[in-house]
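This briefing gathers computed features of one structure for a reader who will work with the coordinates directly. Please look over the sequence and the structure before turning to the points below.

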Amino acid sequence: MYILTIILLVILIIIGLAYYFTVWSKTQIFGYFPYSIKTDKKIIALTFDDGPNPPYTNELLTILARHNVKATFFLTGKRLSKFPELGQALVKAGHIIGNHSYSHKFTKNFTSLSFETEITRAQKVIEEITGKRPALYRSPWLFRQPWLLRNLRAHGLTPVAGFFSSSWEAWHAAPKIIATDAFKTIAPGRIIIFHDGADINLFSWDNYRAGSVGAIDLIIPELKKQGYEFLTVDQLLGVAAYQTI
Ligand SMILES: [Zn+2]
């Protein structure tokens, strides 16, 4: 019994350390992986992951245009090939597009430490469809390790983390619940993560993002009232959004 408890404790500690080093937003131990900048200015960057995903990406386009806000969308290559016109619409509207891997499959991290195919395949699709070669990359689950970070540098990509807006997003909660929770996370200089798509499509409702979209429509006017300004990730971090082709 005693031995079993020790083994269990060791396993838990290993899982905890693995989480801390490779997934937690703030970990910088393997290299630069920015999630915010130090500032007193009321500026933030809104980001959206896992799209494009109609009709939610379309609705976000309308909402962001109505509020005159530019955001950063981390797209997967696979979904962009399915909905190319949405990627083009994002660029046309002045939003920034970043690379969020090709397939978003976590298991691919274990078959290729450099994540080479996932990175380059997505870069190729994004460039072919939008005419832009991204300089920003966000890992699925914010997963990082030295081999991946080295490979991103080799491809001219800046890794981007951020703060998850609300865990209620995963449960497809109502806009008000997600918005109220997100306000606890929003602070000057932060990159905030929302989702217009879904990383896992186990159930038919995984792609349902009405809650997140509705939350954005509540959050922006309130933040504007508080004096906030909205920057894209490249503007906030002072880095390039795209590479020259
Ligand atoms: Zn994702």
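This is a predicted model: local features need pLDDT of at least 70, side-chain atom pairs count only at pLDDT 80 or more; totals for chains, interfaces and linings use all residues.

The buried residues of α9 are G211, S212, V213, A215, I216, I219, I220 and L223.

**Helix α9**

- Helix α9 has 16 residues and reaches 24 Å from its first C-alpha to its last, which is close to the 22 Å expected at 1.5 Å a residue.
- The buried residues of α9 are covered by elements that include α2 (56-66), α8 (175-185) and β8 (191-195).
- After α9 comes G227, a residue with a positive phi near 95°.

**Packing of α2 with α9**

- Two packed helices are described by the angle between their axes and the distance between the axes.
- For α2 and α9, the packing angle is about 10° and the axes lie 10 Å apart.
- Because angles under 35 degrees count as roughly parallel, α2 is described as roughly parallel to α9.
- On the α2 side, the contact is made by Y56, E59, L60 and I63, and on the α9 side by V213, I216 and D217.
- Sorted by class, the contact of α2 with α9 has 5 nonpolar residues, 2 charged residues and no polar ones.

**The nonpolar core**

- In soluble globular proteins, nonpolar side chains tend to be buried together.
- The largest nonpolar core of this model has 53 residues, and those with the most contacts inside it are A45, L46, I192 and V233.
- Helix α9, which spans residues 210-225, gives the most to this core, with 6 residues.
- Leaving aside residues up to four places away in sequence, A45 touches T72, I191, I192, L231, T232, V233 and L236.

**Helix α6**

- Helix α6, made up of residues 116-130, has 15 residues and reaches 21 Å from its first C-alpha to its last, close to the 21 Å expected at 1.5 Å a residue.
- The buried residues of α6 are E118, I119, A122, Q123, V125, I126, I129 and T130.
- Following α6 is G131, whose phi is positive and near 80°.

**Cis peptide bonds and positive phi values**

- Most residues other than glycine have a negative phi, and most peptide bonds are trans.
- A cis peptide bond, with omega about 0°, joins G51 and P52, and P52 is found in the loop between β1 (43-51) and α2.
- The peptide bond from P54 to P55 is also cis, with omega near 0°, and P55 likewise has its place in the loop between β1 and α2.
- Although S101 is not a glycine, its phi is positive, at about 80°, and the residue has its place in the loop between β3 (96-99) and α5 (108-111).
- S101 counts as buried because it has 26 C-beta neighbours inside 10 Å, the cut-off for a buried residue being 20 or more.
- W141, which is not a glycine either, has a positive phi of about 60° and is found in the loop between β5 (136-137) and α7 (146-154).
- W141 counts as exposed because it has 12 C-beta neighbours inside 10 Å, and a residue with 12 or fewer is classed as exposed.

Key
Residues are numbered from 1 along each chain as its sequence is written. A nonpolar core is a set of buried Ala, Val, Leu, Ile, Met, Phe, Trp, Tyr and Cys residues joined through C-beta atoms within 7 Å. Helices (H or I, at least four residues) and strands (E, at least two) are DSSP runs, numbered from the N terminus. Two residues are in contact if their C-beta atoms, placed from the backbone, lie within 7 Å. The expected span of a helix is 1.5 Å times one less than its number of residues. Axes are lines fitted to C-alpha atoms, for helices over the stretch in contact, and angles run from 0 to 180 degrees between N-to-C directions. Angles under 35 degrees count as roughly parallel, over 145 as roughly antiparallel, 65 to 115 as roughly perpendicular and the rest as oblique. Ala, Val, Leu, Ile, Met, Phe, Trp, Tyr, Cys and Pro count as nonpolar, Asp, Glu, Lys and Arg as charged, and the others, Gly among them, as polar.
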